[in-house]
Amino acid sequence: MHGSQLPTTLTGPPLTAVGVAVIRARESERDDRLYADPYAARFVAAAQQAYLAPDAPEGAAETWATVLRLAAMMYESRTVGVRLVDDALTQAADAGRTQIVLIGAGLDTHAFRLTWPGSVHLFEVDLPQLFAFKEPTLRDAVATCERHVIEADLSDSDWAESLVTNGFDPTIPTHWVDHALMTLPRAAARAGVEAITRLSAPGSRYEFPTMGSQSFNTTLKSVDGAADLYRGTSNVDRGLGDDARHWIESLGWSTSFTSFAELAARYPRKVGSDAGSGTVTATRLETL
């Protein structure tokens, strides 16, 4: 694993990062690929080696097999989702929001594989365990922007302070992409958005995905063994709640919603989507 430390006992949302790396590696091999991630295959090879090692924890091999099954089931929608985030990030930078924060950065490599329109400061926030695996795997990669790694548990409010002490400037507009707060208990998720609000200058954008009809839980039930990996992460009392947009607006943001079907229509892939799935975009208003 070239010095990487993969937490083979990882379960729940953090394990999703490994599955999405599998998806990115598969997409990158296609002639008609929507994006190219030359580093994804490294993560997949290192993960497979760790999960199938003779001294891996009991059940690790089955966990790896389940990750592969889940990645195959979610491939079509998630691979389009990767491209959507790629485009949103470069468009944000082009619009002048050159300070970008990825909440739940996972194993994606935007800082290395995207061509940025000018100078960008990209902050990646995620668990120390993930970075312990990610950083050695990328040790010879050259970032195409100013990259800042923030090791933090998002259920602890200290992550916001770590941003500021690591170069984040709360006086300029920021582009926030959130892949993680929606997986936290309601109180922790809302505390995270309140922290984002405090750190957001007028004109900042905050984007987070929504899922309709409990679609992720439906997918988990359809993949053998997947529900066990996400045990204890029920949607009940997790995320920002059904009134998320109204609540965020009460904090001083305006919001809009774009369905996943509408977003995906930009690309030559056919993906199904229910009406509730999409992206909420919040824009920080001028403070009085």
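Me: In which part of the chain does Ala 95 lie?
Reply: The model is a predicted one. Helix α3 covers residues 60-94 and strand β1 covers residues 99-103. Ala 95 falls between these two elements, in the loop between α3 and β1.

Me: Is Ala 95 buried or exposed?
Reply: A residue counts as exposed when its relative accessible area is over 50%. The relative accessibility of Ala 95 is 55%, and therefore Ala 95 counts as exposed.

Me: How far apart in space are Ala 95 and His 179?
Reply: Along the sequence, Ala 95 and His 179 are 84 residues apart. In space, taken from C-alpha to C-alpha, the distance between them is 22 Å.

Me: Which element gives the largest share of the largest nonpolar core?
Reply: The largest nonpolar core has 56 residues, and Trp 64, Val 80, Leu 89, Trp 116 and Leu 122 have the most contacts inside it. The elements that give two or more residues to this core include α1, α2, α3, β1 and α5. The largest share, 13 residues, comes from α3.

Me: What is the angle between the ring planes of Phe 43 and Phe 133?
Reply: The structure holds seven aromatic pairs. Phe 43 and Phe 133 form a tilted pair, with 5.7 Å from centre to centre. The pair links helix α2 with helix α5, across 90 residues of the chain, and both Phe 43 and Phe 133 are buried. The angle between the planes is 55°.

Me: Which strands are tied together by the pair of Tyr 206 and Trp 253?
Reply: The ring centres of Tyr 206 and Trp 253 are 6.2 Å apart and the planes stand at 55°, so this pair is tilted. Tyr 206 counts as buried because its relative accessibility is 0%, and Trp 253 counts as buried because its value is 2%. Tyr 206 and Trp 253 are 47 residues apart in sequence, and the strands that hold them are β5 and β6.

Me: Over which ring does the charged end of Arg 190 sit?
Reply: Arg 26 lies over the face of Tyr 75, at 3.7 Å from the ring centre. The charged end of Arg 190 is 4.4 Å from the centre of another ring, that of Trp 247.

Me: Which strands stand at the edges of the sheet?
Reply: The open sheet of seven strands has mixed pairing and the order β3-β2-β1-β4-β5-β7-β6. Each edge strand has a single partner strand, so one side of it is left without a neighbour in the sheet. The strands at the edges are β3 and β6.

Me: What angle does the direction of α3 make with that of β4?
Reply: Neighbouring strands of the sheet are turned by 15° against each other on average, direction ignored. Helix α3 packs on the sheet and touches β1, β4 and β5. The direction of α3 makes with that of β4 an angle of about 170°.

Me: Which residue of β7 stands opposite Phe 208?
Reply: Strands β5 and β7 run antiparallel and are joined by six bridges. Tyr 206 stands opposite Ala 282 in β7. The residue of β7 opposite Phe 208 is Val 280.

Me: How many of the seven residues of β7 are buried?
Reply: Strand β7 also pairs with β6, in the antiparallel sense, over seven bridges. Phe 257 stands opposite Val 280 in β7. Strand β7 is largely enclosed by the rest of the structure, because the number of its seven residues that are buried is six.

Key:
Residues numbered from 1 in each chain as written. Predicted model: local features only at pLDDT ≥ 70, side-chain atom pairs only at ≥ 80, totals over all residues. Heavy atoms only, no water. Helix = DSSP H or I, 4+ residues; strand = E, 2+ residues; numbered from the N terminus. Buried < 20%, exposed > 50% of the residue type's maximum accessible area, 1.4 Å probe, protein only. Core = buried A, V, L, I, M, F, W, Y, C linked by side-chain atoms within 4.5 Å. Phe/Tyr/Trp six-rings, centres within 6.5 Å; stacked < 30°, edge-to-face > 60°. Lys NZ or Arg CZ within 6 Å of the ring centre and 35° of its normal. Pairing = 2+ DSSP bridges. Axes fitted to C-alpha atoms, helices over the stretch in contact; angles between N-to-C directions. Contact = heavy atoms within 4.5 Å.
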